[in-house]
Amino acid sequence: MNKTKIGSIGEVLLYLIEKNESNYEKAFDSNEANALSMIKSSKCQKEFITIIPKNRFGDEVISYLGSLDIDKINYQRKDGRQGIIFDFKERGIILDRKYSAFYFASAMDFDFIKMLDESYSFHLSMDSFSISIDSYKYLVSALKLAKKKECLITLSFTSNNFFRNDEQSFIVLNQISKYVNYLFLDFNRLKNVYAFNKGLEFSKEKLLDIYKKLKVEDIIIFNEEEAYFINKDDCLNLVDLGKFHNESELIARFYNKYILKEN
């Protein structure tokens with residue numbers, strides 16, 4: 001039986017969690033790799049693509065990825081440092097990703113056409129491609145090519161990093177959404193984007209209002225407690241996707257239920 005191939009591209013980040021003033025807990029994390037790892041299906045083969053630095057952190061990233069339930073890890077090693085997330089007790093989350101190895105990624109690093117020819121579906125996240133204008137251009141090129149290859153695309157959109165202007169975030173969202181089959185939207189970030197009421201409440205009526213402003217037929221809007229799937233074919237019905245611990249688990253659950261059609 002031929003398996004459905006699901007691919008994803010993303011950055012693996014060093015996660016430093018402050019325990020006290022001089023002590024940090026270290027881990028590695030990737031939303032895209034985690035989502036792939038959580039997809040549990042005998043029908044699919046999973047491939048993760050990334051760029052890692054030519055240093056000891058890159059060696060540790062390889063070990064981290066090897067511990068995940070992913071069939072194939074496709075990576076390139078480049079100059080640059082490790083992207084970092086600092087989780088400070090008092091100051092919150094600080095991202096430090098500029099000039100990381102993934103920052104310098106380009107379409108030339110992989111045989112992307114071959115991967116799309118072999119893949120039924122690709123999952124992408126704006127978290128990995130909003131480091132710089134060049135990385136964003138790489139994302140748009142990938143989405144255009146995937147559309148041409150009739151590859152099913154799921155995209156997790158966030159408005160952070162260099163998309164700090166609310167109006168620009170909304171423009172970017174509309175630019176990329178036309179290439180996407182299923183769009184995942186974090187409500188807590190979306191509600192601060194231009195063209196949406198900043199006092200927006202998480203309700204079925206408001207979610208339908210958001211849906212009507214966008215160009216994607218199938219949207220998953222979620223907050224930290226709930227997620228709804230809005231599908232035009234179902235006459236704008238909202239399907240509750242149940243409880244989940246994080247975005248990666250939500251994406252994996254959606255893939256199993258609606259794309260791979262497994263219970």
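1. Secondary structure first: helices (H or I, at least four residues) and strands (E, at least two) are DSSP runs, numbered from the N terminus. Ser125 lies in strand 8, residues 121-125. The protein chain as a whole has nine helices and 13 strands.

2. Basis of the note. This is a predicted model, in which local features need pLDDT of at least 70, side-chain atom pairs count only at pLDDT 80 or more, and totals for chains, interfaces and linings use all residues. Residues are numbered from 1 along each chain as its sequence is written, and side-chain values use heavy atoms, with hydrogens and water left out.

3. Overall burial and contacts. Buried means under 20% relative accessible area, exposed over 50%, and partly exposed in between (1.4 Å probe, protein chains only). Of the 263 residues in the protein chain, 53% are buried. Contact means heavy atoms within 4.5 Å. Take the contacts between residues at least 6 apart in sequence: 65% of them join residues at least 24 apart.

4. Ser125. This strand 8 residue counts as buried because its relative accessible area is 3%. Leaving aside neighbours within four places in sequence, Ser125 is in contact with Glu32, Leu155 and Ser156. Glu32 is itself among the buried residues of helix 1.

5. Helix 1. Residues 31-38 form this helix, and it is mostly covered, with six of its eight residues buried. The buried ones are Glu32, Ala33, Asn34, Ala35, Leu36 and Ser37.

6. Ser248 is found in helix 9, residues 247-259. It is classed as buried because its relative accessible area is 4%. Not counting residues up to four places away in sequence, Ser248 touches Asn31, Asn34, Ala35 and Met38. There is also a polar contact to check. The term covers a pair of N or O atoms within 3.5 Å; within protein, one must be able to donate a hydrogen and the other to accept it, and residues adjacent in sequence count only if both atoms are side-chain atoms. Here a polar atom of the Ser248 side chain lies 3.1 Å from the backbone oxygen of Asn31.

7. Leu260. This residue is found in the segment after helix 9. With a relative accessible area of 5%, Leu260 is buried. Neighbours within four places in sequence aside, Leu260 is in contact with Thr4, Ile6, Ile39, Ser41, Lys43, Cys44 and Tyr255. Leu260 and Ser42 are 218 residues apart in sequence, yet 9.6 Å apart in space, C-alpha to C-alpha.

8. Nonpolar cores. A nonpolar core is a set of buried Ala, Val, Leu, Ile, Met, Phe, Trp, Tyr and Cys residues joined through side-chain atoms within 4.5 Å. The largest has 45 residues, of which Phe122, Leu183, Leu185 and Ile221 touch the most other members. Helix 5 (residues 133-148) gives the largest share of this core, six residues. Apart from it lies another core, of 37 residues, including Phe28, Ala33, Leu36 and Tyr255.

9. Cavity. Rolling a probe the size of a water molecule over the atoms shows where empty space is left. On a 1 Å grid over the protein atoms alone, a cavity is a set of points where a 1.4 Å probe fits but cannot get out; a pocket is an open set with protein on both sides within 12 Å along at least five of seven lines; lining residues have an atom within 4 Å of a point. Grid points are joined across faces, edges and corners, and a volume is the space filled by probe spheres set on the points. The whole structure holds one cavity of 30 Å³ or more. The largest cavity has a volume of about 40 Å³. Its lining includes Glu11, Val12, Ile51, Arg81 and Phe102. By class, that lining divides into six nonpolar, three polar and two charged residues. Ala, Val, Leu, Ile, Met, Phe, Trp, Tyr, Cys and Pro count as nonpolar, Asp, Glu, Lys and Arg as charged, and the others, Gly among them, as polar.

10. Second largest pocket. About 180 Å³ of space lies in it. Its lining has 14 residues, with Lys147, Lys178, Tyr179, Val180 and Asn181 nearest the centre. Six lining residues are nonpolar, two polar and six charged.

11. Backbone points to inspect. Tyr99, a residue other than glycine, has a positive phi, near 70°. Tyr99 lies in the loop between strand 7 (92-96) and helix 3 (112-118), and is partly exposed at 46% relative accessibility. Glu150 also has a positive phi, near 60°. Glu150 is found in the loop between helix 5 and strand 9 (152-157), and is exposed, with a relative accessible area of 74%.
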